[in-house]
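Notebook, one sitting with one model. I list what I looked up, in the order I looked it up.

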Amino acid sequence: MVDITQLMENEVFMAFASYTTIVLSKMMFMSITTAFFRLTRKVFANPEDCVSFGKGENAKKYLPGNDRVERVRRAHLNDLENIVPFLGIGLLYSLSGPDLSTVVLHFGLFVGARIYHTITYLLPLPQLNCALAFFVGYGVTFSMASRLLKSRWYL
């Protein structure tokens, strides 16, 4: 069994912890950004959230339909769809004994791709930018998974 102090001395695991902290902080920022856009544009997800702005038919105008709010929300959902697999596969990959430089390359590319994806999605930049950022991040996660399966195939 590995002691927690051994993990904290493992450079590969610490790289995982560092990049994971960055990408999770970015995902948390997207929650705050979504709330900010909902409040400043008075667009809410649920009728009960609109109570302070109106009742009945008057409250319906505050329900979803704002393009900017929906764009931020979709960017946040895309983070959830991509960061969760990265966390699981990245943890297993970092514990499989890979080279530190390979790990830093994978993790750095993933984090950079996710940040760039958010920027391209929120501004918005032309579509090719967003798709490229998505596929770089997805490709990195797939690369880690394939390396993990090749090196530790116990099926």
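**Entry 1: A75.** I started at A75, which lies in helix 4. I take helices as DSSP runs of H or I with at least four residues and strands as runs of E with at least two, numbered from the N terminus. A75 has 1% relative accessibility and therefore counts as buried. Buried here means under 20% relative accessible area, exposed means over 50%, and partly exposed is in between, with a 1.4 Å probe and protein chains only. Leaving aside neighbours within four places in sequence, I find A75 in contact with M30, Y121 and L122. Contact means heavy atoms within 4.5 Å. From A75 to Y121 the chain runs 46 residues, and their C-alpha atoms are separated by 6.5 Å.

**Entry 2: source notes.** The model is predicted, so I note that local features need pLDDT of at least 70 and side-chain atom pairs count only at pLDDT 80 or more, while totals for chains, interfaces and linings use all residues. Residues are numbered from 1 along each chain as its sequence is written, and side-chain values use heavy atoms, with hydrogens and water left out.

**Entry 3: the whole chain.** I count six helices and zero strands in the protein chain. Read from the N terminus, its elements run α-α-α-α-α-α. Of its 155 residues, 36% count as buried. I get an accessible surface of about 9,400 Å² for the chain, and 67% of this belongs to carbon and sulfur atoms. Accessible areas come from the Shrake-Rupley method with a 1.4 Å probe; for residues, only the protein chains shown count as cover. I also looked at contacts between residues at least 6 apart in sequence: 71% of them join residues at least 24 apart.

**Entry 4: helix 2 against helix 5.** Helix 2 (residues 11–40) packs on helix 5 at an angle of about 5°, and their axes are 9 Å apart. Axes are lines fitted to C-alpha atoms, for helices over the stretch in contact, and angles run from 0 to 180 degrees between N-to-C directions. Helix 2 is therefore roughly parallel to helix 5. The cut-offs I use are under 35 degrees for roughly parallel, over 145 for roughly antiparallel, 65 to 115 for roughly perpendicular, and oblique for the rest. On the helix 2 side, the residues that meet helix 5 include F16, Y19, I22 and M30. On the helix 5 side, V104, F107, V111 and L122 are among them. The residues of this contact divide into 15 nonpolar, two polar and three charged. I count Ala, Val, Leu, Ile, Met, Phe, Trp, Tyr, Cys and Pro as nonpolar, Asp, Glu, Lys and Arg as charged, and the others, Gly among them, as polar.

**Entry 5: helix 5 against helix 6.** The axes of helix 5 (residues 100–122) and helix 6 (residues 127–151) come within 8 Å and cross at roughly 155°. The two helices are therefore roughly antiparallel to each other. Helix 5 passes helix 6 in a left-handed crossing, meaning that the near helix is turned anticlockwise from the far one by less than a right angle (clockwise would be right-handed). Helix 5 brings H106, F110, H117 and T120, among others, to meet residues of helix 6 including N129, A133, G137 and M144. I sort the residues of this contact into twelve nonpolar, eight polar and two charged.

Entry 6: Is T120 buried or exposed? With 1% relative accessibility, T120 counts as buried. T120 has its place in helix 5. Not counting residues up to four places away in sequence, T120 touches L125, N129 and C130. I find T120 and A133 8.4 Å apart, C-alpha to C-alpha, at 13 residues apart in sequence. In the loop between helix 5 and helix 6 I looked up P124. The peptide bond from L123 to P124 is cis, with omega near -25°. Most peptide bonds are trans.

**Entry 7: helix 4 against helix 6.** The axes of helix 4 (residues 67–94) and helix 6 come within 9 Å and cross at roughly 25°. That makes helix 4 roughly parallel to helix 6. The crossing of helix 4 past helix 6 is left-handed. Among the residues making the contact are N82, F86 and Y93 of helix 4 and Y138, A145 and L148 of helix 6. The residues of this contact divide into ten nonpolar, four polar and one charged.

**Entry 8: A145.** A145 counts as buried at 19% relative accessibility. A145 and G88 are 57 residues apart in sequence, and their C-alpha atoms are 9.8 Å apart in space.
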